[in-house]
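Please read this briefing alongside the sequence and the coordinates. It gathers computed local features by topic.

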Amino acid sequence: MELLPENREALSKRFPEVLRRIGDTAKESPAFNLYIDGVRWQLEACYGENSVTPHGHGEPGNLAERWLSNWLPRASSIFALSGFGLGHHARVLLEKAGPDCLVFVAERDPRLLAEVMSRVDCSDLLNDSRFMLGTGELGQTFFEPLRDVQFADVTQVVPIIYSPLYSLDEEYYGRFFSEIARSYEVCSQLYWSNIKDSALLQENTITNLPSLFNAPDIGVLTDHFNGLPLVLVGAGPSLDEAVKFLRAAREHAIIVCGNSSFRKLINNGIRPHLAMALDPRFETFKGYSGVDTRGVCMVAPFFVFPHVVEAFSGKTFTWTGKNTLVKAVRSRLGRPEGIELLERGTVSVSIADLAKVLGCPRVCLVGQDMALTAAGQTHTLDSFYADEGRAHARLEGCRRLPGNTLAEVPVESRLFVYLKSFEQFVEENPEIDFINTARFGARIAGVPYVSYEEALDWLGDSSSSEVMDTLRKYLPFPGDPSTAQAQVRSATKSTLKFARQVYTLSLEAAQHCEKLPGRLEKAKYCNHPDIKACDRYAELVNKLLDENPLDYQILFEGQTKIELYRYREKIRGPGSSVPHWERIRKNREYFMALAEGARFLVTALDGLTPAVAGQGV
């Protein structure tokens, strides 16, 4: 069955997973009938000996109109909708909901979508940026469209039951409503973390660039350890009982840990082959502070807290990721772009992705509890968390989720996000064989629990004796820091020039808008020269941004991202009813957001302190 070209194109662009699942549908006839009543397509769904027409008889949109006739939408929401049918009820919901809302439709049967998409043009709906679609199994990839949502503009998920389709599988759609709420929580937390940390990420990147410019990209180790298992060491409470196992496991596997578990391993005579850090805050350095790092290599992105780079000086592998500034610097200096490791809020996912790069087909999880103990313990007792009295937390407010050996374990919201992010990685990478040794930890979907004895057998008789020799071939990396700094300055010169131009022009534009007298708010002044001057400023600013897309992306990824979020919040408030004055108000806030963001970037690139930045801009 061939999909209509316009439907296939829209699905391919916006919902590739839906398109894949439609392509994988069974060939048997589905339990519904699609027919033309003379002028329009109609749908009849069958279950048992009964049948239902989900959009009624006659004009298909009428039933959906009546369905929402007395409904008042909640602003800034994602509406979770049961069933696709012919899409009429989704169109009505989008129209009623307004421009600040999104609609996520779940269709349990990909065969229905295959049938409908092969006959009915739904491209208007599929191309609507407010519309999202998932079909079939309710796994992590089902909710992939949520990762593109601007969560600054939505505040809640609201389930909406369209009964004629909901009744075809109430259990499925009930689970959909529960799962989308969980996925919303995970994705929104990652989104807000990205906004909140954007300035710090860019500031650290600029600080680290001279030190890491000549560091080897982790991609140089691609498939260097084919077949060798990897042990991923977290800092959960179960790490306290895993020392004996880890001593034995190091002989047969690559040991990789995060910052919180590093000290525990070193204090027990276990030197991991690789440590990883990816948090931009000082917190990530606490795990390495005062601990002997000899004989251990670091893997970190350019935005990691700079003290970590110093602690592993000359022994760091890095990756570029989605860091536009690093990509631009490497490109301008003739360097290859570099590899990308997943960054999903937890170092565990990044280490698991590293296993793919290294060629490790099996990953053993140690200390990956993703849960609290019955006593509220959150981390190993040999960690900076314990030093600071933070190795325990209150159980109130924790979710109760299935455990590895216990019926339920307490999982706080932060650990829940980590759990779901890791489960998504497991689902997306079925070629990797995982096991988990955290006895009292949370059950990770797709990762069976095994005892330490079973895990040691599972690792087999492979040898890790040559791992460090292989790593040392690429370390220490060469290069004079002062030379590297000069190269980085040269590669960022055009970005610095652009940021100064944006700062000067945007600040001038904002000041012009600010100085306009209140009398110009009257409608008769819409063509006043000072009003027209504001519009010309907007044209000049937008022209400057449009002509420098790469440097604008660099600008956006720093403080500007935060400022533009604040800008959106400010313009949501009540404004003028006079169109030209409301436009001036919004433009003024936009200009100020750009000026503040550009000022930050100029200061960081120019090496100035904030107090002096204004003089140099």
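The notes below cover helix packing, aromatic rings, individual residues and backbone angles.

This is a predicted model, in which local features need pLDDT of at least 70 and side-chain atom pairs count only at pLDDT 80 or more, while totals for chains, interfaces and linings use all residues. Residues are numbered from 1 along each chain as its sequence is written, and side-chain values use heavy atoms, with hydrogens and water left out. Helices (H or I, at least four residues) and strands (E, at least two) are DSSP runs, numbered from the N terminus.

**Helix packing**

- Two packed helices are described by the angle between their axes and the distance between the axes; here the axes are lines fitted to C-alpha atoms, for helices over the stretch in contact, and the angles run from 0 to 180 degrees between N-to-C directions.
- Helix 1 (residues 5-14) packs with helix 2 (residues 16-23) at an angle of about 125 degrees, their axes being 5 Å apart, and the two helices are therefore oblique to each other (angles under 35 degrees count as roughly parallel, over 145 as roughly antiparallel, 65 to 115 as roughly perpendicular and the rest as oblique).
- Arg8, Leu11, Ser12 and Arg14 of helix 1 make this contact with Pro16, Val18, Leu19 and Ile22 of helix 2, where contact means heavy atoms within 4.5 Å.
- The residues of the contact of helix 1 with helix 2 comprise five nonpolar, one polar and two charged (Ala, Val, Leu, Ile, Met, Phe, Trp, Tyr, Cys and Pro count as nonpolar, Asp, Glu, Lys and Arg as charged, and the others, Gly among them, as polar).
- Helix 8 (residues 170-196) and helix 23 pack with their axes 8 Å apart and at an angle of about 115 degrees, and they are therefore roughly perpendicular to each other.
- On the side of helix 8 this contact involves Tyr191, Trp192, Asn194, Ile195 and Lys196, and on the side of helix 23 it involves Lys561, Ile562, Tyr565 and Arg568; the residues divide into five nonpolar, one polar and three charged.

**Aromatic rings**

- A search of the whole structure finds 26 aromatic pairs, where rings of Phe, Tyr and Trp (its six-membered ring) pair if their centres lie within 6.5 Å, and planes under 30 degrees apart count as stacked, over 60 as edge-to-face and the rest as tilted.
- Trp71 and Phe79 form an edge-to-face pair, with 5.2 Å from centre to centre and 75 degrees between the planes.
- Trp71 counts as partly exposed at 21% relative accessibility, whereas Phe79 is buried with a relative accessible area of 0% (buried means under 20% relative accessible area, exposed over 50%, and partly exposed in between, with a 1.4 Å probe and protein chains only).
- The ring centres of Tyr567 and Tyr590 lie 5.5 Å apart with the planes at 55 degrees, so this pair is tilted.
- Tyr567 lies in helix 23 (residues 549-571) and Tyr590 in helix 24 (residues 579-606), so the pair ties together parts that are 23 residues apart in sequence; both Tyr567 and Tyr590 are buried.
- One aromatic cluster is formed by Phe104, Phe142, Phe143, Tyr166, Tyr172, Tyr173, Phe176 and Phe177.

**Buried residues and their contacts**

- Glu589, in helix 24, counts as buried at 17% relative accessibility, and, not counting residues up to four places away in sequence, Glu589 touches Tyr567, Lys570 and Ile571.
- Val233 lies in strand 8 (residues 230-233) and is buried, with a relative accessible area of 1%; leaving aside neighbours within four places in sequence, its contacts include Leu239, Ile255, Leu265 and Val366.
- Leu86, in the loop between strand 4 (77-82) and helix 4 (88-97), is buried with a relative accessible area of 3%, and the C-alpha atoms of Leu86 and Leu43, 43 residues apart along the chain, are separated by 7.3 Å.

**Positive phi angles**

- Most residues other than glycine have a negative phi, and most peptide bonds are trans.
- Asp223 has a positive phi of about 60 degrees although it is not a glycine; Asp223 lies in the loop between helix 9 and strand 8 and is partly exposed, with a relative accessible area of 42%.
- Met370 also has a positive phi, near 55 degrees, and lies in the loop between strand 13 (362-366) and helix 16 (384-387), where Met370 is buried with a relative accessible area of 6%.
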